[in-house]
Amino acid sequence: LLVSKDLGKHLLEVEDLLQKHGLLEADISAQTERVQALNAAALKFSELEGYQPCDPQIICNRVNHVQTCLEELEELAAKRRKELEDSRQLWTFFQEMEEAEAWIREKEKILAAKSCGRDLSSVLTLTNKHKTMLGELGNRRALLHQTMKKGEKILAKKSFGSAGIQEKMRDVCLRWKKLEEITGLHQQRLEDALNFFQFSAETDDLVAWLQDIYRIVSSDDFGHDDYSSQALLRKHRAVVDEVEKHRAAVLALRKQLALLAPDHRQGVDIQIRVVEVEQLYGEVAEVAVLRTQWLQDALAVYRMFSEVHACEVWLDEKEQWLEKMEVPEELDEVEVVQHRFESLDQEMNSVMGRILDVNQVVQQLVDGGHPSSDEVRSCQDHLNSRWNRVVELVENKKSQLSSVLKIQNFLLEC
């Protein structure tokens with residue numbers, strides 16, 4: 001049993017042989033105690049004095065022979081155990097290498113079958129799974145490194161069965177290197193897909209924002225009075241600021257597109273999408289400018305109406321006063337009225353400046369093609385007509401006062 005050359009053809013068989021060898025070693029250990037007891041008992045006969053049933057030398061030779069046989073048996077057992085353990089180490093190495101190859105084949109199939117996703121959500125899911133696989137790859141790399149060290153130790157011993165180790169190590173190393181290359185390529189594809197779908201998502205968000213802003217800036221609500229128009233104009237200026245802030249993002253689309261992988265950036269759909277965003281932004285910016293002008297024009301109209309109303313209130317008051325006023329005949333009273341007209345002249349100069357401003361605003365609105373040009377022009381004509389009417393009344397009253405003064409002065413001289 002101890003000189004057998006059967007060292008097993010696979011790991012399970014070697015483990016079985018080692019188990020059997022362990023039983024044999026236990027048996028040898030038990031027999032060792034028996035032999036030692038028998039030898040001790042036999043040596044007592046070699047030490048007898050007087051009658052000796054056997055030649056002491058024969059007893060000693062026999063004891064030495066049995067002891068030598070036992071020692072040879074123990075040496076054979078130790079040698080057999082070492083050979084079996086070497087065999088187990090060898091077949092453990094081959095089994096671990098086979099497990100590594102099976103793991104590599106499994107991951108190769110997974111990587112070959114994996115897609116890169118159809119949208120941002122699926123790409124993120126696949127990316128997380130790939131990160132998990134990278135962790136497994138790192139653990140497996142460490143195990144493979146340990147197995148390779150075992151193979152190198154076996155080769156260094158130059159024991160039996162080490163012929164195929166070098167070839168196995170080379171094959172597994174090549175397959176592992178190929179797996180890492182495939183893993184790296186797949187990771188790059190996932191990163192390219194992630195960049196593409198993130199770019200697409202950001203572009204879609206930008207389009208949605210621009211569409212919302214377009215609906216806001218293309219509103220036909222310009223307010224119904226000075227206060228509401230001012231409020232709308234303030235809100236619109238905030239929107240214009242936001243539009244301007246997004247200009248950089250729109251201009252950066254081309255650069256971001258150029259950074260995508262060739263397969264993604266050369267797609268017709270994504271290029272059309274970028275052009276659509278640029279065109280939509282241009283329309284939004286253009287309409288925003290127009291709405292600014294329209295709101296300013298509306299505000300100018302409402303302010304003009306407010307100014308016209310204020311002027312007409314003053315004109316109504318003065319017109320009624322002038323129409324009801326009777327030119328006195330007494331000199332003292334005439335001087336009082338004349339003094340009032342001097343104050344009226346100052347007021348008229350101020351009002352005339354306001355009316356000139358109104359006329360200037362009206363002209364700007366008409367020249368700018370304001371949609372309410374006819375209404376504005378009509379309001380202007382009415383105001384100017386009222387002003388001319390008051391001016392005419394003032395001139396008439398002044399003329400009457402002048403006549404009365406001349407008569408009074410003539411009478412005084414007389």
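Predicted model: local features only at pLDDT ≥ 70, side-chain atom pairs only at ≥ 80, totals over all residues.
The domain assignment divides the protein chain into three parts, whose residue ranges are listed in the table.

| Domain | Residues |
|---|---|
| domain 1 | 11-191 |
| domain 2 | 193-297 |
| domain 3 | 300-413 |

Although the C-alpha centres of domain 2 and domain 3 lie 51 Å apart, the two domains do touch, with nine residues of domain 2 in contact with six residues of domain 3. The area buried between domain 2 and domain 3 is about 550 Å², and carbon and sulfur atoms give 47% of that area.

The largest pocket has a volume of about 370 Å³, and among the 19 residues that line it, those closest to its centre are Gln296, Asp297, Ala300, Val361 and Leu365. Two elements, helix 9 (268-324) and helix 10 (331-367), each give two or more residues to this lining, and helix 9 provides the largest share, with nine residues. In terms of domains, the lining of the largest pocket takes at least three residues from domain 2 and at least three from domain 3.

A separate detail concerns glutamate 108, which is found in helix 2 (residues 56-113). Is glutamate 108 buried or exposed? Its relative accessibility is 17%, and because buried means under 20%, glutamate 108 counts as buried. Leaving aside residues up to four places away in sequence, glutamate 108 touches Arg175, Lys178 and Leu179.

Methods
Residues numbered from 1 in each chain as written. Heavy atoms only, no water. Helix = DSSP H or I, 4+ residues; strand = E, 2+ residues; numbered from the N terminus. Buried < 20%, exposed > 50% of the residue type's maximum accessible area, 1.4 Å probe, protein only. Contact = heavy atoms within 4.5 Å. 1 Å grid on protein atoms, 1.4 Å probe; cavity = no way out; pocket = protein on both sides within 12 Å on 5 of 7 lines; lining within 4 Å. Points joined across faces, edges and corners; volume = space filled by probe spheres on them. Domains from an automatic or database assignment. Buried area = accessible area lost by both parts, 1.4 Å probe.
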